[in-house]
Amino acid sequence: MKKIDLVAHHTPQELQRRYRYCKDAQEARRWRVLWMLSTHTPITTIMTTTGMSRTWIWHICKRYNALGSSGVKRQQQRHVGAHPILSEHQVALLTATLTRPPREGGRWTSKKVAEWIQRTTNRPHVAVRTGWVYLCRCRATPHSE
């Protein structure tokens, strides 16, 4: 693995301050790695102290060099997640539909809601778990015939 030098975005004292006062434990570990690298602590000591692998330490350093302070923050928070299957209008339609008994008869179940979503959205497959999520979201109570 290539040796990577730390870009001086912050002084070692500032890195230590950020490490010590960081509220997020995972982010604090990343600041600690950077602080230890800035004080020329041997990589084996950093690995032992933080419990991180040499590869992970290299990735933290590389991201910090490229992005500065923002590279230390948790990167997963930038991902918004998947788009909802149903629009607001479709959720309102489902809520209204759930006030009546299902057309197949019986009670509204996760499977029946998933099938309704599948028909409404023209999707080839909707998981039963998704039916459960929307059943709970619409706060439906099961109806029997």
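The sulfur of cysteine 136 lies 9.5 Å from the closest cysteine sulfur, that of cysteine 138, which is too far for a bond. A disulfide would require the two sulfur atoms to be within 2.5 Å. The predicted model accordingly holds zero disulfides.

**Cysteines**
- Cysteine 138 is in no disulfide, its nearest cysteine sulfur being that of cysteine 136 at 9.5 Å.
- Cysteine 136 counts as partly exposed because its relative accessibility is 39%.
- Cysteine 138, at 11% relative accessibility, counts as buried.

**Aromatic pairs and a charge over a ring**
- A pair of aromatic rings is described by the distance of the centres and the angle of the planes.
- Two aromatic pairs are present in the structure.
- Tyrosine 19 and tryptophan 35 form a stacked pair, with 5.7 Å centre to centre and 15° between the planes.
- Tyrosine 19 belongs to helix α1 (residues 12–21) and tryptophan 35 to helix α2 (residues 25–38), so this pair ties together parts that are 16 residues apart in sequence.
- The pair of tryptophan 31 and tyrosine 64 is edge-to-face, because the ring centres are 6.3 Å apart and the planes stand at 75°.
- Tryptophan 31 is in helix α2 and tyrosine 64 in helix α4 (residues 54–67), so parts that are 33 residues apart in sequence are tied together by the pair.
- Tryptophan 31 and tyrosine 64 are both buried.
- The charged end of arginine 137 sits over the ring of tyrosine 134, at 4.6 Å from the ring centre.

**Threonine 50**
- Helix α3 (residues 43–50) contains threonine 50, which counts as buried at 9% relative accessibility.
- Leaving aside neighbours within four places in sequence, threonine 50 is in contact with Arg29, Arg32, Val33 and Met36.
- Threonine 50 and valine 33 are 17 residues apart along the chain, and their C-alpha atoms are separated by 7.3 Å.
- The side chain of threonine 50 reaches the backbone oxygen of isoleucine 46 at 2.7 Å.
- A polar atom of the threonine 50 side chain also lies 3.4 Å from the backbone nitrogen of methionine 52.

**Helix α6**
- At 1.5 Å a residue, the 12 residues of helix α6 (residues 110–121) should span 16 Å, which agrees with the 16 Å between its end C-alpha atoms.
- Ser110, Lys112, Val113, Ala114, Trp116, Ile117 and Thr121 are buried in α6.
- These buried residues pack against α5 (88–97) and α7 (128–137).

How values were computed: Residues numbered from 1 in each chain as written. Predicted model: local features only at pLDDT ≥ 70, side-chain atom pairs only at ≥ 80, totals over all residues. Heavy atoms only, no water. Helix = DSSP H or I, 4+ residues; strand = E, 2+ residues; numbered from the N terminus. Buried < 20%, exposed > 50% of the residue type's maximum accessible area, 1.4 Å probe, protein only. Contact = heavy atoms within 4.5 Å. Polar contact = N/O pair within 3.5 Å; in protein donor to acceptor, adjacent residues only side chain to side chain. Expected span 1.5 Å × (residues − 1). Phe/Tyr/Trp six-rings, centres within 6.5 Å; stacked < 30°, edge-to-face > 60°. Lys NZ or Arg CZ within 6 Å of the ring centre and 35° of its normal.
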